[in-house]
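Me: I have a structure open and want to go through a few side chains. Can you take my questions one at a time?

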Amino acid sequence: FCSKLFLYGPIMGSVCEEGEHYDSHEELVNALCEYSDPGDAVLFKGSHGMHMEKSLSLFVEKIKCR
């Protein structure tokens, strides 16, 4: 069950009105960290061209500091 949709990239803001759109990996990760709690499942989905592995790495580093 998905309770919130976080979108990244220049096109996603105009493609989907359902979620919250972020222009940088850092903005996305900060929002994810504020919203998520320990034990939550977070799915990162994106093309290699969007470099979502950067968001994933930033997210993992931030949650280690909790």
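Reply: One cut-off before we start: a residue is buried under 20% relative accessible area, exposed over 50%, and partly exposed in between. By that rule Phe44, with a relative accessible area of 21%, is partly exposed. Keep in mind that this is a predicted model.

Me: And Phe59, buried or exposed?

Reply: Phe59 counts as buried, because its relative accessibility is 7%, which is under the 20% cut-off.

Me: How are the rings of Phe44 and Phe59 arranged?

Reply: Let me begin with the count, which is 3 aromatic pairs. One of them is stacked: Phe6 and Tyr22, 6.1 Å centre to centre with 20 degrees between the planes. That pair links distant parts of the chain, with Phe6 in strand 1 and Tyr22 in strand 2, 16 residues apart. Phe6 is buried at 18% relative accessible area, and Tyr22 is buried at 12%. As for your pair, Phe44 and Phe59 are tilted, with 5.7 Å between centres and 55 degrees between the planes.

Me: What does the Phe44 and Phe59 pair tie together?

Reply: Phe44 is in the loop between helix 2 and helix 3, while Phe59 is in helix 3, so the pair ties together parts that are 15 residues apart in sequence.

Me: Back to the other rings. Which residues do ring pairs link into a cluster?

Reply: Phe6, Tyr22 and Tyr35.

Me: OK, helix 3. How many residues, and how far does it reach?

Reply: Helix 3 has 13 residues and spans 19 Å from its first C-alpha to its last, close to the expected 18 Å.

Me: Which of its residues are buried?

Reply: In helix 3 the buried residues are Met52, Ser55 and Phe59. They sit on the same side of the helix, because they cover an arc of only 50 degrees around the axis.

Me: What do those buried residues pack against?

Reply: The buried residues of helix 3 pack against strand 1 and helix 2.

Me: New topic, Ser36. Where is it?

Reply: Ser36 is in the loop between helix 2 (25-35) and helix 3 (52-64). Ser36 is buried, with a relative accessible area of 8%.

Me: What lies 2.8 Å from a polar atom of its side chain?

Reply: The backbone oxygen of Leu32.

Me: And which residues does Ser36 contact, leaving aside its neighbours within four places in sequence?

Reply: Val42, Phe59 and Arg66.

Notes
Residues are numbered from 1 along each chain as its sequence is written. This is a predicted model: local features need pLDDT of at least 70, side-chain atom pairs count only at pLDDT 80 or more; totals for chains, interfaces and linings use all residues. Side-chain values use heavy atoms; hydrogens and water are left out. Helices (H or I, at least four residues) and strands (E, at least two) are DSSP runs, numbered from the N terminus. Buried means under 20% relative accessible area, exposed over 50%, partly exposed in between (1.4 Å probe, protein chains only). A polar contact is a pair of N or O atoms within 3.5 Å; within protein, one must be able to donate a hydrogen and the other to accept it, and residues adjacent in sequence count only if both atoms are side-chain atoms. Contact means heavy atoms within 4.5 Å. Rings of Phe, Tyr and Trp (its six-membered ring) pair if their centres lie within 6.5 Å; planes under 30 degrees apart count as stacked, over 60 as edge-to-face and the rest as tilted. The expected span of a helix is 1.5 Å times one less than its number of residues. The arc is that of the directions from the helix axis to the C-beta atoms.
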